[in-house]
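Thanks for passing this one along. Here are my notes, point by point, to read with the model open beside you.

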Amino acid sequence: MSLRTEIAVVGAGPVGLRTAWNLARHGFDVSVFERGSEIGSPVRCAGLVSSRVLDIVGRGDYVLSRITCAKIVSPSGITATIPSRESVFSIDRRAFDRFIAKKAADAGAEIFLRSPVKNIISSSLKVRDLEVRANYIIIAEGAEAVLSRKVGIVKKNTVLTGYEVLVTSDESNPSEVTVFLDQRLFPRFFGWAIPKGELLLVGGAGLLPGNALRSSVMEIAKRFGYRGVIGHYSGPIPTRPSLRVQRDNIFCVGDCAGQVKATTGGGIYMGLVFADALSEHIEEIHSGRSVRRAYIYRRPREIREIILDYKLWRWYSSLPNDSYDRLVYFLNENSDIIYRTVYDYHSTVLLHGMFTKGKIRIIKEVLLLLIALLNPFWR
Ligand SMILES: Cc1cc2nc3c(=O)[nH]c(=O)nc-3n(C[C@H](O)[C@H](O)[C@H](O)COP(=O)(O)OP(=O)(O)OC[C@H]3O[C@@H](n4cnc5c(N)ncnc54)[C@H](O)[C@@H]3O)c2cc1C
């Protein structure tokens, strides 16, 4: 059997769906192939997003609560409580994906569920026993990046494993998130607790085996006196952005191209931004204009940001636990640094970290970071 379409999208995550929605709205014939049997499932996300995300896709009943403060806990228990200047939301990720899927379908995109794409050869995709021919192929398959690597666009990435458990707890505050920095529990990353309505999502990520990560997360859950477990989730988090995102008429976007803020693993905002850039790019090529640069350079601030964020992650994730203690102590004394940091643009922390109130503030870690960032070979 065969099918002909103008645009074939692999993956019905938020990024694939956003690209499909954009292109269908502009009159393209779009088909989305999703291996799962439903949209938004299984959930592999903590569902914390800024209002920028809501501005891009529109507000819907996927929003669970507004977060007004973040508590950062160091390995030895020093805490810094930072009120949030921006609007940050805890969302129901499944409902969020379904919200975008409906927009894409209403715009005319056709979404095929239970349709794993097995292979891509030049302009055609193998979807079970179906051969799909397309003018443009968009791979938005998520962090595993199997096809993206197979077609030779992206290279192998450092991928962290994230694990989360949804629990009932009396100690959760619907407007507060907690972040746990501890190299013993979450080497090279961190743990978190995020309110989900009446429930609490406790999670963590790091470079460590699944069993060890699970026990680290349960250790955090115990600190919240959890009573019961509603569900477990796990998923990969990419770190390094790929500057190669295209081969001929095949494009990679979202997690598979490493379009995440490596410091936090947050990929929804950046993925949506680059989905918009890619849609504009395809429209332009299609209208016959000559387009030389890769679509990622349509968003120079964001591509710079994710590269810088990757460097930032490499720096902070290699700090020992006593540096985390010092850092959290420092943040507690200078909470304006995080308060003034722009949520989706973490590198702004550097400016505020070093220069505020007319004073230059250098702690050993900030100095090391600067040296690391100024090193052009460190990518
Ligand atoms: C534990 C964890 C917590 C996170 N927390 C946050 C957070 O709080 N905030 C935030 O912004 N981001 C967070 N993220 C990251 C966020 O989930 C991703 O950045 C986002 O989902 C990327 O969207 P995507 O569309 O690129 O990929 P995905 O959401 O992974 O979607 C890819 C889709 O492609 C499908 N697929 C894969 N291969 C094929 C194939 N061969 N054929 C057909 N379909 C295929 C998959 O089934 C999936 O539906 C978190 C990630 C993890 C793992």
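1. Leaving aside neighbours within four places in sequence, isoleucine 120 is in contact with Val10, Leu125, Ile137, Ile139, Leu147, Val151 and Ile250. Contact here means heavy atoms within 4.5 Å. Two bits of housekeeping before going further: the model is predicted, so local features need pLDDT of at least 70 and side-chain atom pairs count only at pLDDT 80 or more, while totals for chains, interfaces and linings use all residues. Residues are numbered from 1 along each chain as its sequence is written, and side-chain values use heavy atoms, with hydrogens and water left out.

2. Now the core around that isoleucine. Val30, Ile120 and Leu125 touch the most other members of the largest nonpolar core, which has 73 residues. Helix α6 (residues 268-286) gives the most to this core, ten residues in total. Apart from it lies another core of 29 residues, including Ile72, Ala80, Ile82 and Ile194. For the terms: a nonpolar core is a set of buried Ala, Val, Leu, Ile, Met, Phe, Trp, Tyr and Cys residues joined through side-chain atoms within 4.5 Å. Buried means under 20% relative accessible area, exposed over 50%, and partly exposed in between, with a 1.4 Å probe and protein chains only. Helices (H or I, at least four residues) and strands (E, at least two) are DSSP runs numbered from the N terminus.

3. What does α6 pack against? Helix α1 (residues 14-25) and α6 pack at an angle of about 35°, with their axes 9 Å apart, and α1 passes α6 in a right-handed crossing. On the α1 side, Pro14, Val15, Arg18, Thr19, Asn22 and Leu23 meet Gly271, Leu272, Ala275, Asp276, Leu278, Ser279, Ile282 and Glu283 in α6. Axes are lines fitted to C-alpha atoms, for helices over the stretch in contact, and angles run from 0 to 180 degrees between N-to-C directions. A crossing is left-handed if the near helix is turned anticlockwise from the far one by less than a right angle, and right-handed if clockwise.

4. Then there is α7. α6 and helix α7 (residues 300-316) pack at an angle of about 145°, with their axes 11 Å apart, and α6 passes α7 in a left-handed crossing. Tyr269, Met270, Val273 and Phe274 of α6 make the contact with Glu302, Ile303, Glu305 and Ile306 of α7.

5. On to the rings. The count comes to eight aromatic pairs, where rings of Phe, Tyr and Trp (its six-membered ring) pair if their centres lie within 6.5 Å, and planes under 30 degrees apart count as stacked, over 60 as edge-to-face and the rest as tilted. Tyrosine 62 and phenylalanine 96 are an edge-to-face pair, 5.0 Å centre to centre with 80° between the planes. Tyrosine 62 lies in the loop between α2 (51-57) and β4 (63-73) and phenylalanine 96 in helix α3 (residues 93-106), so the pair ties together parts that are 34 residues apart in sequence. Tyrosine 62 also forms an edge-to-face pair with phenylalanine 99, at 5.1 Å and 65°. Tyr62, Phe96 and Phe99 form one aromatic cluster; tyrosine 62 and phenylalanine 96 are buried, and so is phenylalanine 99.

6. Valine 202 deserves a click. This residue is in strand β13 (residues 199-206) and is buried, with a relative accessible area of 0%. Beyond four places in sequence, valine 202 is in contact with Tyr163, Glu164, Val165, Val167, Trp192, Ala193, Val217, Ile220 and Ala221. The C-alpha atoms of valine 202 and leucine 166 are separated by 6.3 Å, although the two are 36 residues apart along the chain.

7. Finally, the backbone. Most residues other than glycine have a negative phi, and most peptide bonds are trans. A cis peptide bond joins serine 41 and proline 42, with omega about 0°; proline 42 is in the loop between β2 (30-33) and β3 (48-50). Arginine 128 has a positive phi, near 45°, and is partly exposed at 48% relative accessible area. Aspartate 248 has a positive phi of about 50° and is exposed, at 59%.
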